[in-house]
Amino acid sequence: MTQMNMVSAINDALRFEMKRDPRVLVLGEDVGKVGGVFRVTHGLYEEFGDERVIDTPLSEGGIIGCAIGMALYGLVPIPEIQFSDFIFPAYDQIVSEVAKMRYRSGGEYVSKLVIRTPVGGGIRGGLYHSQSPESLFIHVAGLKVVCPATPEDAKGLLLASIRDPDPVMFLEPKRIYRAAKGDVPEGDYVVPLGKARTAREGGDVTVIAWGAMLYEALAAAEQAQEKGVSAEVIDLRTLWPVDIDAIVASVKKTGRVVVVHEAPRTCGFGAELVSLITEKAFLHLEAPPVRVTGFDTPFPYTLEMEYLPLAHRILPALLQTAQY
Amino acid sequence: MSRARAVTRGKPPESLRKMWEDMVLLRTLDDALVQKQRDGKIAYYTSCAGEEGVICGAVHALRQQDWVFPSPREVMATLLRGLPLETLLAHFYGSADDLQKGRQRPNFFGAKIARVAPVSGTISSHIPQAVGYAWAARKAKDDVVTVSIFGDGATSQGEFHNGANFAGVFKVPTILLCRNNGRAGSMPVAQQTKVKVLADKCVAYGIDGLLVDGSDAISVYTAVSEAHARALRGEGATLIEATTHPDDSSKDPLVRLSVDAGVPAKEQALFLEACRARVAEAVERSEKAPPPSRDTLVTDVFQNVPAHLQEALS
């Protein structure tokens with residue numbers, strides 16, 4: 001075990017897999033000599049050279065388009081999109097090509113990529129450095145979507161994502177890139193995709209969160225405990241395919257559920273989660289499911305801490321749901 | 001880098017006779033499928049009639065290990081690169097034997113056995129993919145050249161720019177082959193771009209540019225061979241513009257190639273007859289093939305069918 005933050009844990013996973021598997025390479029804007037704007041790829045260029053750590057032109061569509069070609073050849077490219085807000089020039093390549101390659105070719109061709117990209121607000125980034133676009137990728141059949149909340153999971157889920165046969169959107173919560181610290185296993189370490197984690201056990205209400213908002217949910221749960229409400233917090237880890245069994249098991253126990261996410265509420269992933277819960281655990285519900293989310297607006301600069309569903313917004317929702 | 005150079009036809013390929021036979025087969029198949037579309041037997045058909053010179057010229061300039069990334073109008077390249085006729089027709093009929101399991105409409109096709117990438121619906125998205133494929137092969141020290149083929153309208157899309165730009169920056173062994181038939185949908189090429197010669201766009205990417213008569217398969221063969229040799233020498237990518245005139249029968253590539261190939265008239269007639277019989281027989285068989293099984297609705301979205309899709313199917 002080594003103390004790491006999320007940046008160093010992801011870096012460790014990339015280095016480990018690039019040593020293990022010569023097919024793996026990274027490409028993106030400033031990922032080489034500079035080591036990435038968040039330093040996630042730091043040192044890889046020196047270790048693996050410019051054939052496997054590629055500084056590209058400033059073109060997300062070109063990055064993903066070329067990465068697809070590399071994957072069709074049989075390499076395992078890990079493109080980095082510098083901020084998920086910049087992913088939209090590549091959205092067509094991801095939606096029309098990456099996600100559909102296996103299906104449209106009857107399984108003859110696979111576009112196996114792991115697209116790494118930082119998500120989320122709270123870093124004073126404003127509209128174009130703060131968004132959480134997970135539901136835009138979950139809605140597209142053919143992509144797995146992963147979002148770790150701890151350094152340990154960041155390493156284990158990234159290694160699992162690279163070895164998974166399907167394309168994966170690997171969303172990195174940038175607000176906790178350095179703030180989240182913890183012990184990370186050395187060497188090979190895999191956290192299976194599709195398995196949620198119970199981050200806190202409790203019996204009165206279930207809180208579902210992922211990424212940076214996990215810590216807000218945990219903080220709200222601690223505050224609720226002081227008021228006599230015991231909250232169970234589930235860290236989804238893999239958003240799609242979602243671990244619905246873990247969610248249903250918790251909701252059957254508590255009968256009450258609050259979903260937290262940064263993205264806008266309407267058609268956000270919370271909407272799907274609440275639908276699934278009502279379909280699969282309706283008779284166990286003691287209260288209406290509640291969503292605590294970002295606003296249905298673009299992401300603001302100055303008022304970002306008002307926009308984000310922080311603990312002070314989660315707590316009343318949690319208490320009201322528990323007492324409904 | 002200078003502007004595009006006009007290429008005149010050079011020495012015909014040693015496979016000239018085969019090239020002619022290929023083109024006769026394409027035209028015969030095209031005629032049959034146009035009719036099947038009119039009869040409502042297949043939902044759509046994107047004809048390549050009058051533009052076979054580009055397909056045949058390019059395919060004959062490539063080696064077996066090279067790859068083609070086509071647009072819908074060039075998927076017949078699969079047939080010229082080893083795909084059985086019956087397998088191609090299974091695609092047009094979307095039947096159980098379709099390699100793609102009936103998932104894509106006619107012309108949106110590819111086949112690994114023919115080293116042809118599967119066609120996408122969004123125009124020009126295959127261009128950077130062809131660049132990435134050749135780039136990856138070079139990384140693996142594998143001797144492969146890729147060719148992306150696209151229409152004139154595709155040069156208006158961002159992905160054309162992305163592909164050409166990456167090909168230039170990384171000196172990728174790839175060929176961007178633009179089949180300029182003067183029209184994209186309803187739009188004449190003058191309303192796509194104010195550039196008079198599309199191949200002159202090579203200047204913007206620091207790659208080579210060639211302009212060639214796309215109605216002449218031998219000229220296309222000459223241009224693609226030159227670009228191919230350049231790629232093999234490590235000199236990077238080439239943008240080729242092959243102009244075609246599908247509505248002008250005086251520029252029919254089959255008429256021209258028939259003269260060039262020098263096949264005696266009687267032999268031509270016999271071969272054409274044999275082609276028609278072969279196509280008719282294969283089409284008839286394809287029409288009777290059953291559709292894909294219902295479970296293919298949910299397979300191949302992921303490698304394994306996830307629980308929610310299994311649930312949805314049942």
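How much area is buried between chain A and chain B? About 3500 Å² is buried between chain A and chain B, and carbon and sulfur atoms give 61% of it; buried area is the accessible area (1.4 Å probe) that two parts lose on being put together, summed over both. This is a predicted model, in which local features need pLDDT of at least 70 and side-chain atom pairs count only at pLDDT 80 or more, while totals for chains, interfaces and linings use all residues. Residues are numbered from 1 along each chain as its sequence is written, chains are lettered from A and ligands numbered from 1 in the order in which they are written, and side-chain values use heavy atoms, with hydrogens and water left out.

**Interface between chain A and chain B**

- The size of an interface is often given as the accessible area lost when the parts come together.
- Tyr73(A), Tyr103(A) and Arg104(A) supply 21% of the area that chain A buries against chain B, more than any other three residues.
- In chain A, 40 residues are in contact with 43 residues of chain B, where contact means heavy atoms within 4.5 Å.
- There are 20 residue pairs in polar contact between chain A and chain B, both residues being at pLDDT 80 or more. A polar contact is a pair of N or O atoms within 3.5 Å; within protein, one must be able to donate a hydrogen and the other to accept it, and residues adjacent in sequence count only if both atoms are side-chain atoms.
- Strand E3 (53–55), helix H3 (60–73), helix H4 (91–98) and helix H5 (101–104) of chain A each supply at least two residues of the side of chain A that touches chain B. Helices (H or I, at least four residues) and strands (E, at least two) are DSSP runs, numbered from the N terminus.
- H3(A) gives the largest share of that side, 10 residues.
- The side of chain A that touches chain B divides into 17 nonpolar, 12 polar and 11 charged residues. Here Ala, Val, Leu, Ile, Met, Phe, Trp, Tyr, Cys and Pro count as nonpolar, Asp, Glu, Lys and Arg as charged, and the others, Gly among them, as polar.

**Salt bridges**

- A search of the whole structure finds 46 salt bridges over all chains, and 2 salt bridges are counted between chain A and chain B. A salt bridge is a side-chain nitrogen of Lys or Arg within 4 Å of a carboxyl oxygen of Asp or Glu.
- Lys139(B) forms a salt bridge with Glu51(A), and their closest N and O atoms are 3.1 Å apart.
- Lys139(B) is buried, with a relative accessible area of 17%, whereas Glu51(A) is partly exposed at 39%. Buried means under 20% relative accessible area, exposed over 50%, and partly exposed in between (1.4 Å probe, protein chains only).
- Within chain B, Arg27(B) forms a salt bridge with Glu52(B), the closest N and O atoms being 2.5 Å apart.
- That pair links distant parts of the chain, with Arg27(B) in helix H1 and Glu52(B) in helix H2 (residues 52–61) of chain B, 25 residues apart.
- Arg27(B) is buried at 14% relative accessibility, and Glu52(B) is buried at 0%.
- Asp300(B) and Arg103(B) meet through their side chains in a salt bridge (2.7 Å, N to O).

**Strand E5 of chain A**

- Strand E5 (residues 114–119) of chain A has 6 of its 6 residues buried, so it is largely enclosed by the rest of the structure.
- In a regular strand the side chains alternate between the two faces of the sheet.
- From E5(A), Val114(A), Arg116(A) and Pro118(A) point one way, and Ile115(A), Thr117(A) and Val119(A) point the other way.
- E5(A) pairs with strand E7 (residues 168–173) of chain A in the parallel sense over 6 bridges; two strands pair if DSSP finds at least two bridges between them.

- Just after H4(B), Gly94(B) takes a positive phi of about 55°.
- Ser125(B) lies in the loop between helix H4 (85–92) and helix H5 (126–139) of chain B and is buried, with a relative accessible area of 0%.
- Not counting residues up to four places away in sequence, Ser125(B) touches Asp92(A), Gln93(A), Glu97(A), Ser120(B) and Glu159(B).
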